[in-house]
Structures are given as structure tokens and as C-alpha cells.
Amino acid sequence: MIRPRRTLFAVAVAGATIAALAGCASGGQPAPTGTGSASSQPTTGAAAEPSTLPSGVTETQAAELCSQMEAQLQSWRTYTPSMSKPGLNLLVGEWAARNGIDMLALARDRDRVDAIASAQCPEVRSEALEALQIPTLASALVGF
């Protein structure tokens, strides 16, 4: 039982840190994304083209996010959604930090995570939505 407590603590600390950073952002430059909502775009089973990814995200970065999400799918299916959603937050936060993604911009436009997954790995995104019982990935991101 020590490991789940540590994980939940780590998720809580990460979420609080991200929320604090997002709250401190005032008058900064706007997020480098389009004006439309990415979640309203239809997804297809076809391979993603680099131009379909949100600006500021490379195909390699998107593939890494998808790979990490795919690795967590079984865990997310095993545990209840309320226990698994913090794992999605931690995964996205670590991915963004590791890849130099502007966390404040990501916090202002959480739909970018959906746009990345829709473009790069629509099947993994769909399985994650089902496992976590959420309508969009953005809806489960706290502090982003």
C-alpha cells in the first residue's frame, strides 16, 4: 500500500505545482495554438500527417505521448477511473516537462492533448477515453 500512496502524493504535488504555475501566468504571450477546438475535429483511422499536429509539437514528441499512454492502458482498465485519472495527469505533465512543452500554454489549451492523440494515435486515445470513462482527455486534466 505504500506505492499507491506515494503515487497519489506525487500526482497531488505535480497537480498543485502545475495549477500554481498556471495561476501565476498573467499577461504572458498567448498559447501557440489555433483558435478552433481540436476536440471538434473528426478523427480517422488513417495514419497521422505531421501537419495535423498542433503547432509546437513534433511527430516524435506525439509518438512518445502515445507510446506512454498505450503502456498505461491496461493499468487504467484495471483500476477505477477515479484512481486512474491522476495517472493521466502525471503522464502528461512528465511528458510535457521532458519534451520542453510550455506547460502554461498547455494549461490554457488542454485540448491540445486531445489533438495530439487524435492525430497521432486515435485508437489509443479512444481506448484511453473508454478506460477512464471520460469524453475527452482534456476533461480529465487537472491544473492543465
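1. Val92 is a residue of helix 3, where helices (H or I, at least four residues) and strands (E, at least two) are DSSP runs numbered from the N terminus. Val92 is buried, its relative accessible area being 0%; buried means under 20% relative accessible area, exposed over 50%, and partly exposed in between, with a 1.4 Å probe and protein chains only. Although Val92 and Leu65 are 27 residues apart along the chain, their C-alpha atoms are separated by 7.5 Å.

2. On provenance, this is a predicted model, in which local features need pLDDT of at least 70 and side-chain atom pairs count only at pLDDT 80 or more, while totals for chains, interfaces and linings use all residues. Residues are numbered from 1 along each chain as its sequence is written, and side-chain values use heavy atoms, with hydrogens and water left out.

3. The largest nonpolar core has 30 residues, and those with the most contacts inside it are Leu65, Met69, Trp76, Leu88, Val92 and Leu137. A nonpolar core is here a set of buried Ala, Val, Leu, Ile, Met, Phe, Trp, Tyr and Cys residues joined through side-chain atoms within 4.5 Å. Two or more residues of this core come from each of helix 2 (59–78), helix 3 (81–98), helix 4 (103–108), helix 5 (111–120) and helix 6 (122–132), and helix 2 gives the most, with six residues.

4. Which residues does Leu88 contact, leaving aside its neighbours within four places in sequence? With contact taken as heavy atoms within 4.5 Å, they are Trp76, Leu132, Ile134, Leu137, Ala140 and Leu141.

5. In helix 6, the buried residues are Pro122, Val124, Arg125, Ala128, Leu129, Ala131 and Leu132. The buried residues of this helix pack against helix 2, helix 3 and helix 5.

6. A search of the whole structure finds three salt bridges, a salt bridge being a side-chain nitrogen of Lys or Arg within 4 Å of a carboxyl oxygen of Asp or Glu. One of them joins the side chains of Arg98 and Glu64, at 2.8 Å from N to O; with Arg98 in helix 3 and Glu64 in helix 2, the pair links distant parts of the chain, 34 residues apart. Arg98 is partly exposed at 47% relative accessibility, and Glu64 is partly exposed at 24%.

7. Another salt bridge pairs Glu127 with Arg77, whose closest N and O atoms are 2.4 Å apart. Because Glu127 lies in helix 6 and Arg77 in helix 2, this pair ties together parts that are 50 residues apart in sequence. Glu127 is partly exposed, with a relative accessible area of 33%, and Arg77 is likewise partly exposed, at 42%.

8. Arg125 and Asp114 also meet through their side chains in a salt bridge, at 3.0 Å from N to O; since Arg125 lies in helix 6 and Asp114 in helix 5, the pair ties together parts that are 11 residues apart in sequence. Arg125 is buried at 12% relative accessible area, and Asp114 is buried at 0%.

9. Finally, the backbone at Gln133 deserves a look: just after helix 6, this residue takes a positive phi of about 55°. Most residues other than glycine have a negative phi. Gln133 counts as exposed, at 62% relative accessibility.
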